Amino acid sequence: TCFNLRRSGVFPMTKEGIVEIRALDAPIGAEVKGLDLREALEPETRDRILKAWYDRQVLVFRDQVLEPEDQVAFTKQLGDTGMPRLPSQAVREILPELPPEVMIVSNVRVDGKPLGLPHDGEMWFHSDMCYAEVPHTATLLYAVDLPSKGGDTLFADMYAAHERLRPELRMKLKESLALQVHDYKRTDRPARDLDQSKIGNYAHPVFITHPETGRKALYVNRLMTARIEGFDEMVSDQILDELFNVSEDPSIIYAHCWCPGDLVMWDNRCVNHARTDYPAEERRLLRRTTIVGKEAPKA
């Protein structure tokens, strides 16, 4: 179910001037209304946006008209911008003025080559850049072209996942690390015979503490977590299966049904995200920027 068209009063609405922040009718998420993101933020407005983001984990800004440089400028007001891991030559040839901070998330091909990294169909739950020593804390995604159906983005609350784990499992994994890898095929687990010298990888705590909120979050995901360090393969797989099942429970997921002009911002430290399938013959193109972290996640 996509919740983003219905609101509730679960999160108190605040209003100063024309800016409103209201919770979505969903386990997480809030909509920010009354802002043109092409304009510079007042310091008080920036602080309110960040507070709502820490409280609700996912923010939705609708009906925005953003050029790539506008998206980069907005991102820079909230933190230091990240750079795409693999800038695409095909993108630069077709869009030579695209800011280097922008990544194209699309199924579009030009002369048979993907416009950016190929993003077709379904994609399992993951956390952006979790395989880096210092992952990107925020992802901002802006919708340009959308299919007639599908291609929704699912956001799962990793605070809630941590709280729902069996106490004995939380105790068992209290000091454990999980190996995160950049070795995925959108809907398949990482290979068992990984050559770690050829892929991005880093072992982070299974449970991390959010530096702003102080809350514990589960920090594993089905797409990029290869194993729990210190356990044999079978035991690691059994533990991960339980963690994945808890973290993907529909009751802790917000499903965002995209509209053109939506900009959605989420917190990779406490949210995993996935993509639903959509018609392969239909165009889907979004622009992504990120905010870099300041240090590696801590338990």
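Two strands are taken as paired if DSSP finds at least two bridges between them, and strands (E, at least two residues) and helices (H or I, at least four) are DSSP runs numbered from the N terminus. This is a predicted model, in which local features need pLDDT of at least 70 and side-chain atom pairs count only at pLDDT 80 or more, while totals for chains, interfaces and linings use all residues. Residues are numbered from 1 along each chain as its sequence is written, and side-chain values use heavy atoms, with hydrogens and water left out.

**View 1. An open sheet of three strands, in the order S12-S11-S15.** The pairing is antiparallel. Strand S12 (201–205) and strand S15 (225–228) are the edge strands, each pairing on one side only. On average, neighbouring strands of this sheet are turned by 25° against each other, direction ignored (axes are lines fitted to C-alpha atoms, for helices over the stretch in contact; angles run from 0 to 180 degrees between N-to-C directions).

**View 2. The antiparallel pairing of S11 and S15.** Three bridges join strand S11 (residues 177–181) to S15. Alanine 178 lies opposite isoleucine 228 in S15.

**View 3. Proline 135 in the loop between strand S8 (123–126) and strand S9 (136–145).** Proline 135 counts as buried because its relative accessibility is 7% (buried is under 20% relative accessible area, exposed over 50%, partly exposed in between; 1.4 Å probe, protein chains only). Beyond its neighbours within four places in sequence, proline 135 is in contact (heavy atoms within 4.5 Å) with residues including His204, Tyr219 and Val292.
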